[in-house]
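Look over the sequence and the model first, then read the points below.

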Amino acid sequence: ENSERMLREKFSLLKRRYGSIDDIEAAKLRRLKNIDTNISILRGNIGSVNTRIENLMSQAADMERAGRNVPDTLLRQLSDTKAELAVSSAALKARIEEFEEVSQRYDEDMATFIAGKQLIQTGSIN
């Protein structure tokens, strides 16, 4: 009884937003495509930052091999670039987690929509 009432309420909310399972699926795909685009951009940025780190480390190594001290500006640049990498990596991790959560939430909405529709049609939960 309680679970049936909750299902009716959730279905009612979903029914206001979506006309069908196809509408929910389309919304899911749009949202995931947007997140996936962000993930691709972050991966590209991380690749660029990694390349910058490698170049800065190579410059520092060349200076050390030549017997020169590595300038503070170069060390600071390297430190800042590593910090940028950490921020981008954390953002990527968050977006990947968001992708999974959003996907799961839409899948749950679809299951609720199907169960709610069945409840309305048959009068009971199967």
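Helix H2 (residues 21-65) and helix H3 cross at roughly 165°, and their axes come within 9 Å. This is a predicted model. An angle over 145 degrees counts as roughly antiparallel, so H2 and H3 are roughly antiparallel to each other.

**H2 against H3**
- The crossing of H2 and H3 is left-handed.
- By class, 26 nonpolar, nine polar and 13 charged residues make up the contact of H2 with H3.

**H2 and its ends**
- H2 has 45 residues, which should span 66 Å at 1.5 Å a residue.
- The end C-alpha atoms of H2 are 65 Å apart, which agrees with that span.
- At the N-terminal end, Ser-20 caps H2. A side-chain oxygen of Ser-20 lies 3.3 Å from the backbone nitrogen of Asp-22.

**H1 against H3**
- Helix H1 (residues 2-17) packs on helix H3 (residues 72-122) at an angle of about 110°, and their axes are 8 Å apart.
- Angles of 65 to 115 degrees count as roughly perpendicular, so H1 and H3 are roughly perpendicular to each other.
- The crossing of H1 and H3 is left-handed.
- On the H1 side, the residues in contact include Leu-7, Phe-11 and Leu-14. On the H3 side, they include Phe-113, Leu-119 and Ile-120.
- Charged residues also take part, among them Glu-4 and Arg-8 of H1 and Asp-109 and Lys-117 of H3.
- By class, the contact of H1 with H3 has seven nonpolar, two polar and seven charged residues.

Terms used
Residues numbered from 1 in each chain as written. Predicted model: local features only at pLDDT ≥ 70, side-chain atom pairs only at ≥ 80, totals over all residues. Heavy atoms only, no water. Axes fitted to C-alpha atoms, helices over the stretch in contact; angles between N-to-C directions. Helix = DSSP H or I, 4+ residues; strand = E, 2+ residues; numbered from the N terminus. Parallel < 35°, antiparallel > 145°, perpendicular 65-115°, else oblique. Left-handed = near helix turned anticlockwise from the far one by under 90°. Contact = heavy atoms within 4.5 Å. Expected span 1.5 Å × (residues − 1). Polar contact = N/O pair within 3.5 Å; in protein donor to acceptor, adjacent residues only side chain to side chain.
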